Amino acid sequence: MNLKDKIIAEGIKVPEDFFHNVQKYKEHIFKWNKIHNLTGARDEATLDEFIYDALYPITFLPKVDSLMDIGTGAGFPGMILALGLKDTKITLVEPLNKRASFLQFIKADLDLQNVEVVKKRVEEMQPKRFDIITSRAVTDTKLLLELSKNFRDKDSMLLFYKGEKVFDEMDDVGEGMHYKVIEKQKRHYLLLGENI
């Protein structure tokens with residue numbers, strides 16, 4: 001099943017221009033990857049899996065105004081969520097120059113009005129509140145909670161893209177923080193918040 005059919009079959013609601021934009025994103029990533037080694041996804045099937053994985057939370061996330069993705073890399077999940085959530089202001093935090101440049105290029109090429117690229121480590125950013133904070137393959141849950149503390153309040157949600165070891169990290173969640181784990185294939189989406 002190709003990416004488009006899979007997204008439609010899962011009932012993931014995406015904007016009309018999503019498939020056009022994601023196709024352009026894929027073309028650019030393959031070109032840039034030859035020179036800059038942005039991602040380990042070297043073929044279309046793997047890249048489609050990464051895109052689907054990044055996009056799937058649209059099925060369970062509430063509608064929000066702002067989202068910050070810590071350590072976006074080549075765009076997972078932040079850029080893909082930006083393509084799928086046109087009404088959400090999305091801040092992509094990526095300290096590595098080549099990856100931040102790629103994200104900036106995609107933002108310009110696809111005219112993404114809802115995207116801001118910040119070329120910094122999250123620790124260097126000024127405090128600011130976001131509705132949702134996401135991260136994939138950056139670090140463990142305890143450190144992500146520490147890194148995100150200046151960017152959330154009691155109503156903010158956190159979404160961390162985890163593997164099967166997610167349950168080993170649950171002792172580190174801390175008091176007052178509730179969580180849910182949504183499993184899909186080998187992915188464990190860890191949803192955290194005081195009001196979950």
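Twelve aromatic pairs turn up in a search of the whole structure. The model is a predicted one.

**Tyrosine 25 and phenylalanine 76**
- Tyrosine 25 and phenylalanine 76 make an edge-to-face aromatic pair.
- Tyrosine 25 belongs to helix 2 (residues 18–36). Phenylalanine 76 sits in the loop between strand 1 (66–70) and helix 4 (78–84). The pair therefore ties together parts that are 51 residues apart in sequence.
- Tyrosine 25 has 0% relative accessibility, so tyrosine 25 counts as buried. Phenylalanine 76 has 4%, so phenylalanine 76 counts as buried too. The cut-off for buried is under 20%.

**Tyrosine 52 and tyrosine 56**
- Tyrosine 52 and tyrosine 56 form a tilted aromatic pair. The distance is 6.0 Å centre to centre, with 45 degrees between the planes.
- Tyrosine 52 and tyrosine 56 are both buried.

**An aromatic cluster**
- One aromatic cluster is made up of Tyr25, Trp32, Phe50, Phe76, Phe102 and Phe105.

**Charges over rings**
- Lysine 6 lies over the face of tyrosine 52. The distance to the ring centre is 4.2 Å.
- Arginine 136 has its charged end over the ring of phenylalanine 50, at 4.7 Å from the ring's centre.

Definitions and conventions: Residues are numbered from 1 along each chain as its sequence is written. This is a predicted model: local features need pLDDT of at least 70, side-chain atom pairs count only at pLDDT 80 or more; totals for chains, interfaces and linings use all residues. Side-chain values use heavy atoms; hydrogens and water are left out. Rings of Phe, Tyr and Trp (its six-membered ring) pair if their centres lie within 6.5 Å; planes under 30 degrees apart count as stacked, over 60 as edge-to-face and the rest as tilted. Helices (H or I, at least four residues) and strands (E, at least two) are DSSP runs, numbered from the N terminus. Buried means under 20% relative accessible area, exposed over 50%, partly exposed in between (1.4 Å probe, protein chains only). A charge sits over a ring if NZ of Lys or CZ of Arg is within 6 Å of the ring centre and within 35 degrees of the ring normal.
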